[in-house]
Amino acid sequence: MVQSLTEQLDSIRMGITMCFSEVVLSTGILLMLLGGLLFRKKPSTFPLLAFLIILSSLLFFIVQAQQFDVPVKLFNGMLRSDDFSTYLKILFDIAGVLTLAMSWRNQKNHPSEFYALVLAVLLGAHLLVMSMNMLMVFISLELISISSYVLAGFAFTRKGAEGSLKYFLFGSVASAVMVYGFSILYGMTGTLDFSSSVFVEQLLARNSPLVLMAGLLATVGFLFKISAVPMHPWAPDVYEAAPMPVIAFFSVVPKLAGIGVLTKFLLALSLFGQSVYDWQMIIGVVAILTLTVGNFSALLQKNPKRLMAYSSIAQSGFLLVGVVAFMPQGVQFMLFYATVYLIMNFLVFISLQYFESKGIKSIEEFSGTGVQFIWSSVFLLIGMVALTGLPPTGGFTGKLFVFSSLWEAYQLSEKPVLLWLLVFGLLNTVVSLFYYLRIPYYAFIKSGDSQERQNFLTPENLLSLVLVILILALFFLPGMLMGWINKITFVL
Amino acid sequence: MAPIDHFLYLSAFLFSAGIVVVIVKRNAIMVLLGIELMLNAANLNLVAFNILQPGLFTGHMFALFVIVVAVCEAAVGLAIVLRVYQHYQTSIPDEIQDLKE
């Protein structure tokens, strides 16, 4: 496949016009660093600048979504722009905007590098979900990882340093293992493009246990990013140590990016269901373990941040359920759940940040906050109810969709692992009720000493109110979002 | 076509050695060294497998990128270890136990 130089330049130029939002983000990173040098005295300009950058990247999607609906390969098949990746990228940008809104309060602690790193993680996530090539997967995963190691330590405390060290050691081992897996896959297929037919044909022809081995090694990197169970121990430590906006960001953006690329990669690895190795079972077992370990460990937690860490592990289990279904519909429901997950997670974290700023750091200290900070407590309650998956919130609809797709997959293939996954998923939903409602229990049932009332009109409350309306709307009118998601065709 | 078996044996050995170093050594700097070994095992694989594809440089390209990324990772990692050392006067993760349930 030798192309002339002009053809290659043309394809690169075409690619750049298609990747406008990634170009905006990359320019934004440089602008933020430059701005940090030039306007060090006026720190309030940085969040504004970062806000504008993400917003312009978001606006481009809305324009782009109407223009291109066929998948387009860019940069010689390195990236592919399609509906699936565009939808996830919109979610990332919304999460980025919400993160900036959360960090608005204490911008004193945030030099321009903070915003540059947030933009870098966003750029990595954008590229990761578009990647069709193992080289590109590696680079964008590392872009996310290396930036997040630094972001994890942004509290500038003893604990922050410890958290970021643990994150770093875990993360780099996982990515090294992943690269080794990629190298073996490359050796067996002779191509790095995992969407190409050569990749599938060669793997089908080999059919040795080495395929299974290499595939397992390669998925380690993704499982680490979504904090699925064998690769989860970093999450609680990092979540406890990092500042609140950063946790909210970590729990959404790298996780959804990892899930997005895992979905594509698994489809290729399972050779579209023709593989002798049952990848559906492997990921099903991982999902069962993730759900169970995440939920049961969360029961014992005293720190709300650690609680949310285990909650986010358990939630990746639910996202994995959508992947395990291995059907176009399963992916669509997974996208719906991802949207709901983004909203409810940010809702909880915004309230938790407010309580943290009032000096409430452990679950016992929430006693009586239901009276004192009534609005934040109510929003926290709604967020927790949504995370549990109870009506009338979008969390219920999301879980219902994900499990119904799993049920359909079970009826089609009759694999026992899918039934077990369903059983464990439902049982774990019950278990999660006990820890999710613990903070609201302390807030509303236990009485505190202070009777001071909270003013409703704070920026946090208004932002939470918007999220609450969204999450209720997703319960009463899920068709609005589903109509949009249904147009997304998932192809490899 | 040249036989590439011995390259693969060497890379498998390097990878296992890297994993052993990561697990056994307690110092964060030594763990970093083990990670470097694992990445180089992957590099060796990539370059060796590229022999099977004459005329293409995909494996070489990947190896180059892995080297560059490994350098970035080491730079960030050493900075983090330095920060930890300032706070705890040690670079042994086992002795740093502030984050516990």
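The questions and answers below concern a predicted model of chains A and B.

Residues are numbered from 1 along each chain as its sequence is written, and chains are lettered from A in the order in which they are written. Local features need pLDDT of at least 70, side-chain atom pairs count only at pLDDT 80 or more, totals for chains, interfaces and linings use all residues, and side-chain values use heavy atoms, with hydrogens and water left out.

Reader: What area is buried between chain B and chain A?
Author: The size of an interface is often given as the accessible area lost when the parts come together. Here that loss is taken with a 1.4 Å probe and summed over both parts. Carbon and sulfur atoms give 74% of the area between chain B and chain A, which is about 3,700 Å².

Reader: How many salt bridges and how many polar contacts are counted between chain B and chain A?
Author: A salt bridge needs a side-chain nitrogen of Lys or Arg within 4 Å of a carboxyl oxygen of Asp or Glu. A polar contact needs a pair of N or O atoms within 3.5 Å; within protein, one must be able to donate a hydrogen and the other to accept it, and residues adjacent in sequence count only if both atoms are side-chain atoms. Between chain B and chain A the count of salt bridges is 0, while the residue pairs in polar contact, both at pLDDT 80 or more, number 7.

Reader: Which element gives the largest share of the side of chain B that touches chain A?
Author: Helices (H or I, at least four residues) and strands (E, at least two) are DSSP runs, numbered from the N terminus. Two or more residues on that side of chain B come from each of helix H1 (5-24), helix H2 (28-49) and helix H3 (58-88). The largest share, 16 residues, comes from H3(B).

Reader: Which residues have the most contacts inside the largest nonpolar core?
Author: Such a core is a set of buried Ala, Val, Leu, Ile, Met, Phe, Trp, Tyr and Cys residues joined through side-chain atoms within 4.5 Å. Buried means under 20% relative accessible area, exposed over 50%, and partly exposed in between (1.4 Å probe, protein chains only). The core has 205 residues, and those with the most contacts inside it are A:Leu151, A:Phe182 and A:Leu185. Its largest share, 20 residues, comes from helix H14 (residues 328-357) of chain A.

Reader: Which residue of chain B is in contact with A:Phe182?
Author: Contact means heavy atoms within 4.5 Å. With neighbours within four places in sequence left aside, the partners of A:Phe182 in chain A include A:Met134, A:Phe222 and A:Phe265. From chain B, the partner is B:Phe62.

Reader: Where does A:Asp237 lie, and is this residue buried or exposed?
Author: A:Asp237 belongs to helix H10 (residues 234-241) of chain A. Beyond its neighbours within four places in sequence, A:Asp237 is in contact with A:Gly163, A:Lys166, A:Arg306 and B:Leu99. Its relative accessibility is 11%, so A:Asp237 counts as buried.

Reader: How far apart are the closest N and O atoms of A:Glu162 and A:Lys166?
Author: Side chains of opposite charge can pair when their charged atoms come close. A:Glu162 and A:Lys166 are 4 residues apart in helix H7 (residues 158-189) of chain A, so about one helical turn separates them. Both A:Glu162 and A:Lys166 are buried. They form a salt bridge in which the closest N and O atoms are 2.8 Å apart.

Reader: Which parts of chain B does the salt bridge of B:Asp94 and B:Arg26 tie together?
Author: The closest N and O atoms of B:Asp94 and B:Arg26 are 3.5 Å apart. The pair ties together parts 68 residues apart in sequence, because B:Asp94 lies in the segment after H3 of chain B and B:Arg26 in the loop between H1 and H2.

Reader: Which loop holds A:Ser227, and what is its phi?
Author: A:Ser227 is buried, with a relative accessible area of 1%. The loop lies between helix H9 (209-225) and H10 of chain A. Although A:Ser227 is not a glycine, its phi is positive, about 50°.

Reader: Which peptide bond is cis?
Author: A:Pro392 is found in the loop between helix H16 (374-388) and helix H17 (394-413) of chain A. The cis bond, with omega near 0°, runs from A:Pro391 to A:Pro392.

Methods:
Buried area is the accessible area (1.4 Å probe) that two parts lose on being put together, summed over both.
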